[in-house]
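Please open the model in your viewer and keep the sequence panel beside it. The stops below say what to select next and what is to be found there.

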Amino acid sequence: MASRGRPRGFDRDQALEQALRVFWEHGYQGASMTALTTAMGIKSPSLYAAYGSKEELFREALALYAATEGSYTQRALDEQPTARRAVDAVLRDNAAAYADPATPRGCLVVLAAPLATPDNADVADLLAGLRARTRQAVQSRIERGIADGDLPTGTDAAGLAAFYTTVLNGLSFQARDGASLAALNIVIDHAMRCWPQPTPTPGK
């Protein structure tokens, strides 16, 4: 038997996709219950019955985002053969996604972050943790690059990862402000010129 308030034929996955878009466009705080239920095509009792709360709905939407639109970073880090190419692909692949007219601009994990208040501290901490995890993943790839000889011994892996993830987050804000993909790629071009140069081989 369907839960009270749930419309006949309620598609939970499709409703979640619509909720994701609302959170992506308006952020966690800006996504009102009215906007969410309207986009999802359900009433408030159905939302609570199916997802538990706005926070739990957001967590599910975030997991969906990570598995789809938010997967570019890890894919680049896993698939590219050198640390430099991996970081370049992280920036360019995400920039292309941020500027895609088919989806809301920018990154949900960056732009949905609420102000840390007692009411939403858990959400703010969750998103901060995800951003930190991205920084650590980039740092790990850079450390592997140092071990592989892609980068000079003594390269500050933590500092370099912090720099490039700061650029990545900035691209998200630029995209939300309307920057074109071409403009984002110019930023990336400049950022990649800061990549540490290989140590010259003696005698060459």
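Among contacts in the protein chain between residues at least 6 apart in sequence, what percentage join residues at least 24 apart? The share is 68%, where contact means heavy atoms within 4.5 Å. This is a predicted model, in which local features need pLDDT of at least 70 and side-chain atom pairs count only at pLDDT 80 or more, while totals for chains, interfaces and linings use all residues. Residues are numbered from 1 along each chain as its sequence is written, and side-chain values use heavy atoms, with hydrogens and water left out.

**The whole chain**

Begin with the protein chain in cartoon view, where you will find 10 helices and zero strands; helices (H or I, at least four residues) and strands (E, at least two) are DSSP runs, numbered from the N terminus. Taken along the principal axes, the C-alpha atoms fill a box of roughly 80 × 30 × 30 Å. Of the 204 residues, 40% count as buried, a term that means under 20% relative accessible area, with exposed over 50% and partly exposed in between (1.4 Å probe, protein chains only).

**The aromatic residues**

Next, show the aromatic side chains, among which a search of the whole structure finds six pairs. Rings of Phe, Tyr and Trp (its six-membered ring) pair if their centres lie within 6.5 Å, and planes under 30 degrees apart count as stacked, over 60 as edge-to-face and the rest as tilted.

Select F23 and Y28, whose ring centres are 6.1 Å apart with planes at 10 degrees, so this pair is stacked. F23 is buried, because its relative accessible area is 0%, and Y28 is buried as well, at 8%. Now select W24 and Y65, an edge-to-face pair with 5.1 Å from centre to centre and 80 degrees between the planes. This pair links distant parts of the chain, since W24 belongs to helix 1 (residues 12-30) and Y65 to helix 4, 41 residues apart. W24 counts as buried at 6% relative accessibility, and Y65 counts as buried at 4%.

Then display K54, whose charged end sits over the ring of Y28, 4.6 Å from its centre; a charge sits over a ring if NZ of Lys or CZ of Arg is within 6 Å of the ring centre and within 35 degrees of the ring normal.

**The largest pocket**

Turn now to the largest pocket, which has a volume of about 530 Å³. On a 1 Å grid over the protein atoms alone, a pocket is an open set of points where a 1.4 Å probe fits, with protein on both sides within 12 Å along at least five of seven lines, and lining residues have an atom within 4 Å of a point. Of the 25 lining residues, the closest to the centre are G70, T73, V109, L130 and T134. Helix 8 gives the largest share of the lining, six residues.

Select G70, which lies in the loop between helix 4 and helix 5 and is partly exposed, with a relative accessible area of 30%.

**A last stop in helix 8**

Finally, select Q139 in helix 8, which counts as buried at 16% relative accessibility. Which residues is Q139 in contact with, leaving aside its neighbours within four places in sequence? They are A157, A158 and A161.

How values were computed
Points joined across faces, edges and corners; volume = space filled by probe spheres on them.
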